[in-house]
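Hello,

Here is the structure I promised to pass on. My notes follow below it.

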Amino acid sequence: MNVLEIKNLTKKFGDFIAVDNMSLTVAEGEIFGFLGANGAGKSTTINMIAGLLRSNDGTISILGKNNAKQSRFAKMNIGMVPQDIAIYEDMTAYENVKFFAGLYGLRGAELNERVVEALEFVGLQDKHKSYPKSFSGGMKRRLNIACAIAHRPKLIIMDEPTVGIDPQSRNYILTSVRKLNEMGCTIIYTSHYMEEVEEICSKIAIIDHGKIIAEGTKEQLKSIITNTKDVWIEVKTTEKVNLAAIQDINGVEAVSVDENFIKINSDTGVNNLNKILEHFMNSHIEIRSLQEKAPNLETVFLTLTGRNLRDQ
Amino acid sequence: MKDILWLIQNTLSVTFRKKKNIVMYLCMPLVGIIIALLAYGGNQGTTLNVGIVNHDNSEITTDTIQFLEGLDNVEISKIAAKDMKDKMTSGKLDTVITFEKGYSDSVLKGQPDHIQLTSIKGAAITGYVKSYLYQFIDNLSTISRAADGNEQTFKQLYSAYQQKDFKLGTHSLENAARSKNMTNQTIGFLIMIMMLSAANMSEIILLEKENRTYFRLLSTPINARKYLLANVIVNMIIMTMQVLITLTVMKTIFHIGLNVSFVDAFFVMLLFSFIAVGLSLLMIAFSNSRSAASALQNLIITPTVMLSGCYWPVEVMPKGLQKIADFLPQRWALDTLTQLQEGQSFSSLYLNYAILFAFAAAFFLIAVYKFSRNNSTQNFV
Ligand SMILES: Nc1ncnc2c1ncn2[C@@H]1O[C@H](COP(=O)(O)OP(=O)(O)OP(=O)(O)O)[C@@H](O)[C@H]1O
Ligand SMILES: [Mg+2]
């Protein structure tokens with residue numbers, strides 16, 4: 001059975017269309033990645049799935065049941081990790097998890113067991129008596145996750161769970177996402193970090209302006225753009241590089257600058273490497289290294305949306 | 001229901017684990033008692049000096065004066081009309097009662113008149129002489145109406161009355177006035193604390209929205225309605241505790257006579273706590289941040305508490321302000337208690353209860369309407 005089915009979902013804020021006639025299916029056992037730039041509509045979609053936001057049109061089914069009509073059933077089966085950390089500063093880590101788990105009807109010994117389990121899961125068992133005031137950003141993020149998993153939901157929705165945290169916490173979180181998945185949870189994971197999504201997600205939807213513009217496994221997505229390749233040229237200084245001139249070279253699809261690298265995306269069918277190098281020679285730009293890259297998700301994203309994932 | 005209880009339990013335990021909150025919610029109401037003791041406690045045993053100007057030498061007048069002399073803690077002195085002003089301004093007399101010619105005739109006719117009570121002190125001081133005196137005169141005129149002009153019958157009825165009912169009314173006047181003042185002061189302060197605590201507890205809703213925990217709660221089986229209900233119940237629990245603590249401590253530790261049964265007083269204050277919660281929700285519904293809510297609370301609570309006579313008797317305020325006070329729920333709560341103290345039966349005050357209830361209902365309805373509108377514009381379920 002499909003854990004999540006979205007049909008023709010639309011959400012407007014005034015005249016602004018945040019989610020535009022979106023349809024999507026997430027099968028059981030998947031780690032489903034939502035990839036999209038700022039404002040693409042990821043959180044809006046997720047909030048509607050979790051029953052926090054009302055849609056203007058379309059339906060959402062959780063485990064085959066409409067989430068508006070059977071909201072209690074839907075909510076009982078979802079664990080929501082919100083993008084903004086939502087925990088109580090005046091309650092200990094243990095009490096936070098216990099409080100939220102209790103809202104799902106757990107009590108007594110079972111409740112205690114689940115709380116301990118959730119805290120262990122995110123590596124906060126040693127800190128269970130501490131107040132979040134004393135936590136680092138990463139620890140708060142982990143507690144934020146623990147509060148959503150203690151009731152063992154079938155579907156866990158994580159909205160950018162790794163924003164602004166240390167590498168140790170990030171690893172902990174990624175490992176626990178995989179573990180949760182192995183235990184049978186279906187997971188929806190949104191992130192700005194391409195590498196993360198590429199690393200853990202079994203299926204990915206690329207969202208832009210409230211629409212899904214591509215969907216599939218990593219391999220399927222990459223195959224969309226196998227007719228191009230990436231050439232990275234490292235130069236001493238990028239000052240003298242004329243991007244427009246490179247763009248004009250036959251077969252070049254896109255050019256961008258990343259620190260000292262000139263990243264050129266180019267048609268595989270055209271042999272233009274000589275032309276490109278000629279440009280650097282003629283402008284007297286010192287080349288330090290040259291590498292050819294297989295396409296990755298970043299290039300897929302860039303090619304499909306025409307923009308970078310971050311910093312816009 | 002199970003989840004609402006869980007929410008309530010959690011809010012209570014988090015609230016009362018902080019010492020600050022215990023002081024604020026459970027100890028502060030008692031401060032009113034201490035203020036009352038400081039303000040009125042010293043009054044015990046002092047006597048009220050009443051001057052009598054008598055222009056109507058008759059049996060009824062003499063009896064009336066005798067009645068006044070019989071009251072505890074009242075010192076009667078007969079004075080000449082011309083000395084009245086001097087003696088009062090110099091503080092030798094608290095109040096002067098003037099019997100004009102025709103007083104006793106008017107009483108005998110059943111339409112008492114020609115009596116004047118003059119004072120430069122507040123109604124708090126004279127109120128009780130007045131109420132006892134008027135009660136006495138009322139009784140006389142009732143008797144005379146019953147006698148229907150027949151002097152013989154009147155004399156019979158009157159002497160019977162003197163022997164029987166008369167002594168009943170003369171329990172310590174000063175004590176009654178004092179305890180009324182102290183009750184007013186204590187309950188007035190309690191009303192203020194209740195309103196402040198209710199405002200504080202409702203503000204948790206805004207705090208949770210700012211902390212985002214509110215939205216997380218809505219992703220659990222809790223919905224906005226259950227959340228609001230839990231908040232209201234916690235609020236009511238805290239206020240009920242405040243009322244119980246205050247009334248109990250007043251009665252058992254400080255022996256301040258309420259002159260009202262515990263249950264009646266509790267009922268009136270319970271009605272008021274609904275008003276306090278309703279109003280606090282209303283203020284939250286119209287604020288979109290905690291700072292806005294605090295500003296609104298300061299703007300509303302303190303002035304209305306002052307105007308409605310929680311700090312001082314309304315009688316000392318100008319007439320215009322007293323009119324405004326009639327539109328304030330705090331005034332109605334205090335007034336209901338005062339009427340009970342003055343001997344009105346509990347059931348005769350149903351109009352007062354209805355008005356108190358109407359205040360609460362109106363506040364709740366507007367708040368809930370506004371909340372649902374807020375939610376629909378923000379598109380939250
Ligand atoms: N309550 C709201 N009222 C008006 N506009 C909103 C509201 N919530 C979101 N939006 C708009 O909807 C669009 C999508 O927002 P959303 O939060 O879903 O993006 P996102 O993909 O999660 O972005 P980010 O990566 O920054 O979290 C944005 O342009 C945002 O400004
Ligand atoms: Mg987002």
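What does the accessible surface of chain B come to, and what share belongs to carbon and sulfur atoms? The surface comes to about 18100 Å². Of that, 60% belongs to carbon and sulfur atoms. Accessible areas come from the Shrake-Rupley method with a 1.4 Å probe; for residues, only the protein chains shown count as cover.

First, the ground rules. This is a predicted model, in which local features need pLDDT of at least 70, side-chain atom pairs count only at pLDDT 80 or more, and totals for chains, interfaces and linings use all residues. Residues are numbered from 1 along each chain as its sequence is written, chains are lettered from A and ligands numbered from 1 in the order in which they are written, and side-chain values use heavy atoms, with hydrogens and water left out.

Confidence

The complex has an ipTM of 0.78 and a pTM of 0.73 from the predictor. Chain B averages a pLDDT (the predictor's confidence in each residue, from 0 to 100) of 83. In chain B, 90% of the residues score at least 70. Treat residues 165-172 of chain B separately: pLDDT stays under 50 there. The model has 14 contacts (heavy atoms within 4.5 Å) for that stretch beyond four places in sequence.

Chain B

Chain B holds 15 helices and 4 strands. These are DSSP runs, numbered from the N terminus: helices are H or I, at least four residues, and strands are E, at least two. Of its 381 residues, 48% count as buried, meaning under 20% relative accessible area (1.4 Å probe, protein chains only).

Ser308(B) sits in the loop between helix H12 (290-307) and helix H13 (319-325) of chain B. Ser308(B) is buried, at a relative accessible area of 0%. Its side chain reaches the backbone oxygen of Thr304(B) at 2.8 Å. Leaving out residues up to four places away in sequence, Ser308(B) touches residues including Val314(B), Leu328(B) and Arg331(B).

Ligand 1

There are 14 residues around ligand 1 (a heavy atom within 4 Å). Asn38(A), Gly39(A), Lys42(A), Ser43(A) and Thr44(A) come nearest. H1(A) gives the largest share of the shell, 3 residues.

A polar side-chain atom of Thr44(A) lies 2.5 Å from one. A backbone N or O atom of Gly41(A) lies 2.9 Å from one. For a side-chain N or O atom of Glu160(A), the distance is 3.0 Å. Taken alone, ligand 1 exposes 630 Å², and the protein buries 62% of that.

Best wishes

Notes
Polar contact = N/O pair within 3.5 Å; in protein donor to acceptor, adjacent residues only side chain to side chain. Buried < 20%, exposed > 50% of the residue type's maximum accessible area, 1.4 Å probe, protein only.
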